[in-house]
Amino acid sequence: MTTLPGVRRRRSRLVWRNTVVGWTFILPNFAGFAALTLVPVVVLFYVAFTNWNVFGVADWTGLANFRRMIHDASFRTALQNTVYYTVLHIPLTLAASLGLALLLNRKLRGLGFFRTAAFFPYITSIVALTYVWNLLFSPEYGPINGFLRAIGIAHPPGWTTSADWSMPAVIIVGTWREMGYYMLLYLAGLQTIPAELYEAARVDGANAWQRFRSVTLPGLRPTTFLVAVLLTIGSFKVFDVILLLTNGGPGQSTLVLSQFIYQKGFVENQFGYASAVSIVLFAICFLVTAIQFLVNKRRNA
Amino acid sequence: MDTTLVAPPAGAGELVVPGRRRRRPRNRVWRALGYLAMLVAAAALLLPFYWMVMSSLKTNNEVFTIPIKWVPDSAVWHNYLDIWQKSQMTTWLRNTLILSVAVTALQVLTGSFAAYGFAKVRFPGRDLLFLGYIGTIAVPWQSYMIPQFILMSKMHLSNTLWSIIFLQAFGAFGVFLMKQYYESIPDELLEAARIDGLSEYGIYRRIMLPLSVPAIASLTLLTFVTTWNDYLGPLIYLRSPDLRTIQLGLSTFIAQYNAEYALIMTGSVLSVLPIAVIFLLGQRYFLEGIATTGLKG
Amino acid sequence: MKRSIPTVIGLAAAASLLAAGCGGGSSSDSDSASGPVTLTLAGWSLSTTPEFKTLADGFHATHPDVTVEVKEYDAANYDTQITADLAAGSAPDIYAQKTLKNLYTYATGGQLMDVSDVAKKLSNSVGGLDAYQVDGKTYAIPYRQDSWVLFYNKELFDKAKVAYPDGSWTWDDYVTAAKQLTDGLKAAGSKAVGTYQHVWQSTVQGFALAQTPGAKLTSGDFSYLKPYYERSLDLQNAGAQPSLGTATTNKLTYQAQFGKQQAAMLPMGTWYIATLLAQRESGDADKFDWGIAPAPQFDKSTTGTSNTPVTFGDPTGFGINTAIKKSKISAAKEFLAYAAGPEGAKALAGIGITPADTAAVTDTFFALDGMPTDELSKFAFAKHDTKPENPVSKYTAGLQNILNDAHTAILSGSKSIDSALGEAQNRAKNEVLNQ
């Protein structure tokens, strides 16, 4: 292919014009974002290589914080628990929120009520709802174990009071709380699928499952991508639910990375080390998200 | 291709519901089953809220009992009067409302604007910049909140409502969400508009905005709820009692009346109600004025 | 390579301010020495913690040209908020040390002024002074010293036909009594249990550390905790005290457990006296006959009213922010001396708070309405050797976190005592003490 000089010049003028236009769109948000988020995040990257304790000076310690992490058994526990949570929480929430959205994307009496109900766990104060879940999970007196005993399970799990069951309990509450939120994104996504596509599929004789497979799912791909990325980041960063439900216990059975960071930073005042752990968490999130981006791009191509 | 692109929104309540045109008896059974499934799901979802409401109508000692008491012996309505006297609920609600409205307006405006730049204008470095945006979502806030706090304090913003507005309004989340929806709007539509002589800003205002009402409604709701329920942000930035938000107020209220569970639950119910009402009113907009009408062809 | 982080951020802030075109006016106050002085003081939950206002007003009455302005912080997140304010240079002149955990960081981080000169002038009866020393210098002055004692419900003891504590109890006596109480109360048709040890690690570990001879937190050897946990598990298994699981999932509060007569005994700090009195008035606690006894002891060598019982409790003190203006320093030091001295102690006792100078106020204290009047209660309140729960060191916060994990692991039954303590020792060695 030969490019004439004139074409190239016109091309570069177009690029220039587009860059200016693009930046004018981005700038109002970017100005605030850069000043208030980007700058502190850059500082964080610097702090991670120091022994900063919040006050005064920080000594440059190079990779010491990262070397320390390798030998830190609590860090490993926190990492394992975070992965445990993420691996179960993402598919569960994805399926539950999509199911809810499909169920509620139709003409029904009382639709508004049902949608509000689904969104309720997300808007209810987290302090109140962890109170209730703790009561529900109470091993001896709680209704959940009461029900399990009634259906013949002699030794129901200890939930939040047992090292083996505390993580599943946290995952249940996490999924329950967030599915309404992602349902909302899916509902908006379902609206972007043209009704004509369903009509066409119907004319072709596709049954409900086939229509779901060949029309709904592909049509929802941008939404699913969005939900998956947000879920990934949200799961890796899970904090408040765990803090209020189990506080990382019993023992270290539900200790996750963001709580570990909070402990090292705000309880033990080792902000240098806490920042280094944040960077590892960030790197993991970033890596997984970047893979999702690549997969998404390839599929779209 | 239809180039009179600015589609009027479909009439309120007129639903775009695929696959629900023909009625057969078998459908009725499914319908009934669907209702049943939703009722069960709704009951499970609303359970903690139900417990909250019931607890707010109990006396203090009835709230935590073994086993759980699902219905109070007799409803204690005066909790709903007492709370206004014992707390600065009005101040808290006012502050929270100001913050939520300001943050939501800024986030939706700047977020959707930036999203258009990211989704529909091609220029070098765009994808990298966008990845940077998403990247910061992945950094846990508690790890950079101290540098951020020092920064805000140097700008004399801490202990003002502005600090929370700036903190929340320029998040990367809104940009990401809007970009995803803009990408599902076909480029052909924009090309046609460009040929018709519309500028990029014109396209954004006259085509993208009307077409993305459901996405904007989602973003509005989510931003509003996030700001409304934010606890850690106000906790770090606000000191003066006059500036307290509802979550901050509730938590000081809990510290102050730590044994008054019923009253605490009353406060919690009151903190949820405004959002519930907004959601109930706003959710129908998800079904309105949507892309399909403009895309025939 | 040393860089001050706030400076780095400050530069960035200045740059972004320039970009935004709105430089804030710099706050350069002149250091005028004479005339009225206003000190700012950080406290928490002012409506339920009246001590700050009481001390501020009391000080102003004796020093009319000094006004103390109290700034309210969140009680549960006090240290987080103070840390943020100190880092940003916007913290008040004087700030309370809510626990001892962060003193080391504040002191070594240059955020607390050396107040050894104030400490030297104070009387010997001020408890908790030593706890605020780092490298031989005193960084804060205690005004309040709570100690852990044993609260008991005389009416439930009578109902179960068990003899009241007499000051001679070791922990084994306490366990026996708790079991007898539980059985006796059940026989009498009551649902109350023998005792309630709250979910905190302090209820087991605080006593173990203070009382066991040779026990030292920073030694990294936690075997001293074992007998204390064996007794706690024994009480849980016997049903003489609610299990940790029940207490956490049902959000049991010690105020309701004791105040509503669900448990006959309660090991707790003396701050609960003021709460209990207030709740009796408001109706949140029943009005019953109660008393306090010295905390059960490690062995017989410290029991009996002729000896001094050993217990624990962190003092609460005031420190001076190093960023304070020079002209205010002497007034701030006077305030610290006032709060710790007899005048401050009397003012505090008047609102039911245990001052650092306990001996000066026992009579004032027991004159309050609703207080028990027996001699043992007075003895338990006035006389004890109170050791700090969090001895000040670089490692304290980290070690306490590890021990809290061990606490929940043991009492939830997730791990045996030996394996939980063994793991805690390993973690202490590899994650904290090697730093």
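In which sense do strand β9 and β10 of chain C pair, and over how many bridges? I looked it up. β9(C), residues 193-195, runs parallel to β10(C), with two bridges between them. I take two strands as paired if DSSP finds at least two bridges between them. Strands are DSSP runs of E, at least two residues, and helices are runs of H or I, at least four residues, all numbered from the N terminus.

**Ground rules**

This is a predicted model, so I noted that local features need pLDDT of at least 70 and side-chain atom pairs pLDDT 80 or more, while totals for chains, interfaces and linings use all residues. Residues are numbered from 1 along each chain as its sequence is written, and chains are lettered from A and ligands numbered from 1 in the order in which they are written.

**Entry: β10 of chain C**

I stayed with β10(C). M265(C) in this strand is the bridge partner of T195(C). I then found a second neighbour. Strand β8(C), residues 148-153, pairs with β10(C) in the antiparallel sense over five bridges. There, P267(C) of β10(C) stands opposite L150(C).

Why is β10(C) largely enclosed by the rest of the structure? Because six of its seven residues, in the stretch 263-269, are buried. I count a residue as buried if 20 or more other C-beta atoms lie within 10 Å of its own; 12 or fewer make it exposed, and in between it is partly exposed, with C-beta atoms placed from the backbone.

**Entry: the five-stranded sheet of chain C**

I traced an open sheet of five strands in chain C. The order is β3-β2-β4-β13-β7, and the pairing is mixed. β3 (66-73) and β7 (141-145) are the edge strands, each pairing on one side only. From one strand to the next, the twist averages 25°. I read angles from 0 to 180 degrees between N-to-C directions; axes are lines fitted to C-alpha atoms, for helices over the stretch in contact.

Inside the sheet I checked one pair. β4(C), residues 94-97, and β13(C), residues 315-320, pair in the antiparallel sense over four bridges. Y95(C) stands opposite G319(C) in β13(C).

Two helices on the sheet went into the notebook. α2(C), residues 51-62, touches β2 (37-44), β3 and β7 of chain C, and its direction makes about 170° with that of β3(C). α3(C), residues 78-88, touches β2, β3 and β4 of chain C, at about 115° to β3(C).

**Entry: domains of chain C**

How is chain C divided? I got domain 1 (37-146 + 313-381) and domain 2 (148-310 + 395-432). Such bounds come from an automatic or database domain assignment. The C-alpha centres of the two domains lie 28 Å apart. I found 16 residues of domain 1 in contact with 20 residues of domain 2. Contact here is C-beta atoms, placed from the backbone, within 7 Å. On the domain 1 side, the largest share, five residues, comes from helix α16(C), residues 375-382. That side has eight nonpolar, five polar and three charged residues. In these classes Ala, Val, Leu, Ile, Met, Phe, Trp, Tyr, Cys and Pro are nonpolar, Asp, Glu, Lys and Arg charged, and the others, Gly among them, polar.

**Entry: chain A**

I turned to chain A. Chain A holds 13 helices and one strand. Of its 301 residues, 51% count as buried. The C-alpha atoms fill a box of roughly 80 × 65 × 30 Å along the principal axes. Chain A splits into domain 1 (1-47) and domain 2 (65-300), and 34 Å separate their C-alpha centres.

**Entry: where chain A meets its partners**

Against chain B, the contact takes 75 residues from chain A and 81 from chain B. Which helix gives the largest share of the chain A side? It is α1(A), with 20 residues. By class, that side has 50 nonpolar, 18 polar and seven charged residues.
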